[in-house]
Amino acid sequence: ENGGFGPLEAVPDAGCEFLFWTGDVPYGLATNNPLQYACTVPRSIRPVFRTVEAPLTRTWKVANDSTIGDWLNPANWLPAGNIPGKADDVVIGSGVCWVSNYVEVASLTVNGSGILRVAARTTPNNARTSVDTANHLPYSGTRQEEAKVIVHGDLVMAGTAQMGIGAPKQGYHTSLTVEGDLLLTGANRLLIAAGPLRDPFTHATGTCAVRVNGHCEVATGSWIYPVSDYYTGGSVRFDLNRLLVAGGG
C-alpha cells in the first residue's frame, strides 16, 4: 500500500557479502542496506550476494555472440564460482555481457570483440549495432529508476569492443563514474543514453552524468555516442578533467 516501507535488510550468510539490490530499485538506493523508501507503486526488489573473496581479476568466459550472458551468473566468469566484487578487476574480451542496473569494480577492460550492455537489451543478431537505433532497447519489466556504473580505477576499451549504458526512450536515469582514465584505444563504441527531465534532473544538471577524474581519450576510429531523451530533451552531461580526441575519433 502507499506510504513508508522498510527497512528491508539483506542479511548475507556467513562467508558471503551483500553487493546491491536489483529489480524495481528506487533512485540512489541500489546499495542502501537496510533499504527504506516511500512505497507509492508495487515493487519487486531482490538482493545480490556473493562469496567473500580477496580482490582478483575476473574474466568473462562467454566467447560468442549467440548467447547474451548475465553478469550475475557465476558460471559466466573465471575463476569459476563467483561474480565480480567492488574491488575486482574485470576483463570482458569476447561475447555479450548484460547487467540490469548496477556495476561497481576496481577497473574495467572491455577489449577484443567484447560487448557490455548495462540497463539495455538487444538480440544476439543486433548486439553489434553500434549506433542509436531501435535495436538497442530500454530494460523492460521493471520500475527501476537508475542504472549506475562505478569504476574506481581505469576503464579501458580496445579492439572492436563496445559498451552501452542505457538505451533510447528509457524511463530511468543513468551515470558513469571513472575515478581513473577512460581510454578508447581501438575501434570502440561507447553509447550513453540519458533519461527524461524530471525534478531534480534539469537541462542544467543533465539526466545522465558522466564523470572522469583522469584523462578521457578517444582514439582514431573510436566513438562516444551521447543519446538525449527523445521526449523531453534530457541530455548527457560530461564532467571531464582532460579530453583528448584523435583525428578520426
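The legends below describe close-up views of one predicted model. Residues are numbered from 1 along each chain as its sequence is written, and side-chain values use heavy atoms, with hydrogens and water left out. Because the model is predicted, local features need pLDDT of at least 70 and side-chain atom pairs count only at pLDDT 80 or more, whereas totals for chains, interfaces and linings use all residues.

**View 1. An open sheet of six strands with parallel pairing.**
The strands follow the order β6-β9-β12-β17-β20-β22, where strands (E, at least two residues) and helices (H or I, at least four) are DSSP runs numbered from the N terminus, and two strands pair if DSSP finds at least two bridges between them. The edge strands, each pairing on one side only, are β6 (68–70) and β22 (223–227). Neighbouring strands of this sheet are turned by 15° against each other on average, direction ignored; the axes behind this angle are lines fitted to C-alpha atoms, for helices over the stretch in contact, and angles run from 0 to 180 degrees between N-to-C directions.

**View 2. Strand β9 and its pairing with β6 and β12.**
Strand β9 (residues 96–99) pairs with β6 in the parallel sense over three bridges, and Ile68 has Val96 of β9 as its bridge partner. Four bridges join β9 to strand β12 (residues 115–118), again in the parallel sense, with Arg117 of β12 as the bridge partner of Trp98. Strands of a sheet pair through backbone hydrogen bonds, either parallel or antiparallel.

**View 3. The largest cavity and its lining.**
On a 1 Å grid over the protein atoms alone, a cavity is a set of points where a 1.4 Å probe fits but cannot get out, and lining residues have an atom within 4 Å of a point. The count comes to three cavities of 30 Å³ or more, and about 80 Å³ of space lies in the largest, a volume being the space filled by probe spheres set on the points, which are joined across faces, edges and corners. Leu19, Phe20, Trp71, Pro84, Gly85, Lys86, Tyr102, Val103, Glu104 and Val105 line the largest cavity. Two or more of these residues come from each of β2 (16–23) and β10 (102–105), and β10 gives the largest share, four residues.

**View 4. Lys86, a residue of the cavity lining.**
Lys86 lies in the loop between β7 (77–78) and β8 (89–92). With a relative accessible area of 37%, Lys86 is partly exposed; buried means under 20%, exposed over 50%, and partly exposed in between (1.4 Å probe, protein chains only). Leaving aside neighbours within four places in sequence, Lys86 is in contact (heavy atoms within 4.5 Å) with Leu19, Glu104, Val105, Ala106 and His152.

Most residues other than glycine have a negative phi, and most peptide bonds are trans.

How values were computed: 1 Å grid on protein atoms, 1.4 Å probe; cavity = no way out; pocket = protein on both sides within 12 Å on 5 of 7 lines; lining within 4 Å.
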